[in-house]
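This briefing is meant to be read beside the sequence and the coordinates. It takes up a residue within a sheet, then the sheet itself, and lastly a part of the surface.

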Amino acid sequence: MLDATAAREVGDRDSDVPPGRRAPVRRHLDLRTLDVRQLATYAVLYAGCIALGRLSLQPETGLAFFWPAAGVGLLWALICRSRADLVACLVAIFVIATVGNSVTGTAWLPGTVLGVANVVMVLLPRLLLRLPDAPWRRRWHLPPWSRLNSAGSLVQLLLAVAAGSMASGAVGMVGVALLGGEPGWVAWLSWITRNGAAAVVIAFPLLACPVFMGEGGSQRELAQWLWTSRRAELATLLVLTVAVEWWVFGPGGGLPLTFLPFALVAWAGLRFPPLLAGLHGSMLAVATLVLVLVTDGGPIGEIVDPGRQAFTLQSFMVLTVALALLVALVIAERDALSARLTASERHARERAVDLETITDTIPEGLVVMRADGRPVRANRAAQQMLGEDVGRYFDNLREVHLRRLDGEPVPAEDRPAAQALAGRTVRDLRLLMDDPRSGEDRVWSFTAVPLLGPDGRTHDRAVVLFRDVTDEHERTTQLENFAGVVAHDLQNPITAIEGWTHVLADALDDLDPEDRAGTRKALSHVQRATRRGTQLIGDLLDYSVARTSDINPAPVDLDRLVEQLAETMTSADPERGTRISHRDLGSVTADPVLMRQLFANLIGNAVKYTPPGREPRVDVGAQRTNGHVRLTVTDNGVGIPAASRDRIFEPFHRAHSGDARFTGTGLGLAICARAVERHGGTLEVDDNPGGPGTRFTVSLPA
């Protein structure tokens with residue numbers, strides 16, 4: 001593959017096609033994508049650089065002192081956006097290099113080999129940099145290379161150019177041998193440094209320009225930006241650069257202070273963008289090259305050995321440009337990071353203002369508490385409900401006189417904030433608390449949610465929402481009492497109706513067969529409706545008991561309770577093959593009536609909502625930690641849709657109301673929720689982790 005960009009374009013178009021049906025990538029070139037203007041421009045530049053490089057041939061080695069064609073070729077290959085452009089670039093480089101060598105007297109065979117070496121010099125960096133899915137890039141976690149925009153991309157570019165120079169040098173040594181020269185590691189090293197220096201000096205500054213790399217902006221905007229970028233400081237830098245260059249590398253030997261230009265390079269990198277800093281470094285490098293070659297000035301000009309002089313000068317040029325770009329890129333990254341941080345801080349401040357506005361306008365009281373029980377902040381509603389001294393009620397959890405609806409005090413570890421700080425979520429827990437103004441008992445609804453700390457694992461804060469629901473609670477209690485009375489009063493007439501339907505069914509035996517069939521059908525409808533009414537009345541009575549009856553705590557043997565319920569349910573329909581298992585549940589101090597209602601509904605629902613054809617499997621487990629017992633009821637039924645999980649504990653809500661296979665009143669889970677709530681516990685639901693079905697989790701004080 002020559003062009004990874006073209007491959008990515010095809011991949012983007014085919015990303016929505018399944019892998020097994022994806023059409024093979026076409027291998028022919030689309031000449032319509034060829035940029036003829038770019039091809040002609042770079043071909044002329046490359047030919048001129050070939051001629052310019054041939055002028056710097058060293059008689060001692062037969063190699064050019066500086067090979068600017070390597071820089072132009074690298075630039076050309078890296079900006080190609082299509083496969084056709086890249087292939088045209090490589091062909092043009094080979095032809096121009098081969099013809100250029102032949103015109104200057106090189107035989108066709110070594111000239112051809114040297115042409116191949118020029119192609120390798122630009123092709124290998126292109127492949128290394130423009131292949132984002134290469135295994136070595138994934139192994140070292142390197143980001144895709146698009147242009148020179150960071151210190152990391154500079155290192156990648158330097159390594160790619162070094163690899164291309166070494167591979168090109170290996171091919172070039174074959175051409176040197178064919179020319180009658182003496183290939184060796186010295187000649188190979190000279191080849192690497194001259195090509196690498198040319199690539200760094202000519203190509204690197206332009207590769208740092210987003211406009212030049214086609215990543216945004218226009219040439220007019222670039223020219224305007226260059227003209228307005230600190231002109232006075234830039235002019236001062238250029239004047240000092242000329243003076244220092246002449247002073248160090250000018251005729252007459254100069255001064256042995258080769259490091260002085262690096263101070264100017266650092267200045268440019270610190271004060272100017274990468275493009276200007278890189279161009280300044282390239283200008284300084286080229287000026288040093290010209291002065292050393294023309295005047296033999298400076299410390300580098302005093303080196304007698306041509307090979308060492310060339311290596312020293314080329315290394316100086318590479319260091320000059322690389323240092324300028326490194327400093328400028330690091331500063332640019334710092335500025336970009338600072339800008340992102342500033343934007344993030346501004347966004348955070350805006351969100352903080354929005355959050356404060358929202359929390360101060362909601363009618364519920366809101367308090368954020370730390371792990372030690374002290375409040376971090378309280379909204380305006382909390383201050384209005386509890387008075388200005390909110391901390392008096394929340395600073396020390398043991399001082400808050402919270403009681404359950406039956407009047408029993410709530411232990412400190414079971415209070416809403418304490419449960420949230422322990423990692424548990426509390427929703428709409430209704431408790432009694434003294435009104436801070438009148439001192440009267442009021443019913444408050446608490447919701448507490450844990451907040452994760454900076455480590456993402458521990459809960460170091462909690463959000464507590466509360467509101468006075470005394471009036472609402474009284475109205476609800478009145479309605480529940482009314483519903484209980486009505487349900488109790490309706491039970492007798494419905495029982496009478498059911499009894500008389502049995503009498504009528506027995507009397508049907510005296511009718512004619514034709515009349516008997518129609519009458520029995522109508523009677524069956526009456527009996528079905530009667531049973532449904534009886535079930536609804538029974539559930540209403542159970543719900544009323546779960547909501548309002550007195551709590552009479554006593555030791556409840558959970559193993560015995562589950563065994564009794566299992567025996568009743570399996571014997572009711574032995575053909576279903578129901579299996580209810582449990583293991584070492586132990587006992588819990590709770591109201592026996594409510595506990596029986598709780599497990600009867602949970603296990604009964606598990607059996608009822610197992611689809612026909614599947615044998616019901618119900619498992620009841622227990623785990624005791626930190627003074628709480630955690631009970632789980634897991635089944636293999638149809639499960640509960642995620643959209644219904646927030647409402648399944650509401651009265652009369654049925655998750656499978658549209659499924660004729662399952663009938664019910666929608667009160668069973670509401671009874672469970674109220675029974676657990678009145679014991680100061682929590683009830684949660686999620687999927688069965690071991691397969692299809694549901695898992696209910698009950699947490700109760702042990």
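**A buried arginine and its surroundings**

Arg430 counts as buried, because its relative accessibility is 9% and the cut-off for that class is under 20%. The model is predicted, and the points below should be read with that in mind.

**Arg430**
- Arg430 is part of strand S4, which covers residues 426-434.
- When its neighbours within four places in sequence are left aside, Arg430 is in contact with Leu405, Val443, Trp444, Ser445, Val469, Glu472, His473 and Glu677.

**The sheet**
- The open sheet is formed by six strands, whose order is S2-S1-S6-S5-S4-S3 and whose pairing is antiparallel.
- Strand S2 (375-378) and strand S3 (402-403) are the edge strands, each of them pairing on one side only.
- Strand S5 (residues 441-452) and strand S6 (residues 459-468) run antiparallel and are joined by nine bridges.
- Thr447 has Leu465, in S6, as its bridge partner.
- As a general point, the strands of a sheet pair through backbone hydrogen bonds, in either a parallel or an antiparallel manner.

Conventions. Residues numbered from 1 in each chain as written. Predicted model: local features only at pLDDT ≥ 70, side-chain atom pairs only at ≥ 80, totals over all residues. Heavy atoms only, no water. Pairing = 2+ DSSP bridges. Helix = DSSP H or I, 4+ residues; strand = E, 2+ residues; numbered from the N terminus. Buried < 20%, exposed > 50% of the residue type's maximum accessible area, 1.4 Å probe, protein only. Contact = heavy atoms within 4.5 Å.
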